[in-house]
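Visitor: I have a model open and some time to go through it. Can you walk me through it piece by piece?
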Amino acid sequence: MDNLKRIIRQYFTDEHILPIETQEEHSQTLPIVEEEEEEESKAPPSPSSTTPPIISENKKEESPMPKKTETSNFIIPIPTDPALLALYNECKTCKACELCDSALNLVFGDGNPQADIMLIGEAPGADEDEQGRPFVGRAGTLLVKILNKYGVQREDIFIANILKHRPPNNRNPLTAEIAACTPFLRKQIDIIKPKLLITLGNFSSQYILETKVGITQIRGSIQESSYGMVMPSLHPSAIIRGAYPVALLEGDLVKALQYVGYDVTIEE
Ligand code: SF4
């Protein structure tokens with residue numbers, strides 16, 4: 001009998017066993033989830049904000065909150081540079097926020113420790129969390145494809161995120177999480193000393209530049225910040241979902257490459 005009860009519980013959720021009329025009422029109260037959002041609507045929380053934003057750069061990749069596991073089928077990049085390795089080990093044992101409890105892996109960032117260009121995204125998505133490496137999904141593939149077109153390999157640059165662990169269901173980072181995690185980003189930048197940071201998307205651009213101006217207005221401009229020289233650009237996931245033409249991101253990346261000394265011009 002106990003087995004029978006367990007099987008019934010396993011296969012029939014509350015919704016299945018609600019009476020039909022109640023199910024209809026229930027379905028009418030479900031929240032409406034927006035399928036797409038404009039890049040402009042993504043903004044980091046203001047320091048005084050206590051309400052977590054609910055839109056994410058990687059919204060399309062939403063999945064149920066994963067269970068934490070220490071295993072991965074992928075080779076997780078571990079820095080060879082001693083200073084970065086020490087910082088990596090610090091991040092690995094960090095418990096400063098709760099994201100380490102739900103994330104599968106630390107996504108510290110990887111690339112050339114002497115890179116002239118450092119790309120900064122918002123936070124790991126599902127693919128990044130699984131592989132322990134930033135920008136490995138479709139967005140990362142697009143980014144690397146553009147760079148390859150101009151003779152730049154992924155290994156030539158350094159890629160990191162504002163957060164080192166994935167927020168559940170790709171929700172936006174909370175103010176407290178950013179405050180806890182950005183000291184790691186600052187230390188990464190201090191070690192790598194890139195000539196230029198490229199912030200990808202509204203969230204990281206507005207956070208690093210301490211501005212509320214939308215990404216479409218500031219993208220492609222090279223500005224000073226407390227983290228060093230920064231060029232904000234569009235997040236490749238916004239290009240993939242068709243919000244902007246790829247030429248805008250490509251133009252920005254070429255401008256960034258020229259800024260750090262690459263002899264490249266836009267290819268048709
Ligand atoms: S997200 Fe950052 S602050 Fe939070 S546990 Fe991970 S490393 Fe620590």
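Visitor: Let's start with helix 4. Which of its residues are buried?
Guide: In helix 4 (residues 82-92), the buried ones are Leu84, Leu87 and Tyr88. Helices (H or I, at least four residues) and strands (E, at least two) are DSSP runs, numbered from the N terminus. A residue is buried if 20 or more other C-beta atoms lie within 10 Å of its own, exposed if 12 or fewer, and partly exposed in between, with C-beta atoms placed from the backbone.

Visitor: How do they sit around the helix 4 axis?
Guide: Seen down that axis, the buried residues of helix 4 fall within an arc of 105°, so they line one face of the helix. The arc is that of the directions from the helix axis to the C-beta atoms.

Visitor: Which exposed residues are on the face turned away?
Guide: Pro82 and Ala86 are the exposed residues there.

Visitor: And what do the buried residues of helix 4 pack against?
Guide: Helix 8. Contact here means that two C-beta atoms, placed from the backbone, lie within 7 Å.

Visitor: Before I go on, what sort of model is this?
Guide: It is a predicted model: local features need pLDDT of at least 70, side-chain atom pairs count only at pLDDT 80 or more, and totals for chains, interfaces and linings use all residues. Residues are numbered from 1 along each chain as its sequence is written.

Visitor: Back to helix 8. What does it give to the shell around the ligand?
Guide: Helix 8 gives the most, with 4 residues. Helix 5 (99-102) and helix 8 each supply at least two.

Visitor: Which residues come nearest to the ligand?
Guide: Of the 14 around it, Cys94, Cys97, His165, Ala180 and Cys181 do. Near means that the C-beta atom, placed from the backbone, lies within 6 Å.

Visitor: New topic: strand 3. Which way do its residues point?
Guide: In strand 3 (residues 158-161), Phe158 and Ala160 point one way, Ile159 and Asn161 the other, and all are buried. In a regular strand the side chains alternate between the two faces of the sheet.

Visitor: In what sense does strand 1 pair with strand 3?
Guide: Antiparallel, over 2 bridges, with strand 1 being residues 110-111. Glycine 111 stands opposite phenylalanine 158. Pairing requires that DSSP finds at least two bridges between the strands.

Visitor: And strand 2 with strand 3?
Guide: Strand 2 (residues 117-121) pairs with strand 3 in the parallel sense, over 4 bridges. Glycine 121 stands opposite asparagine 161.
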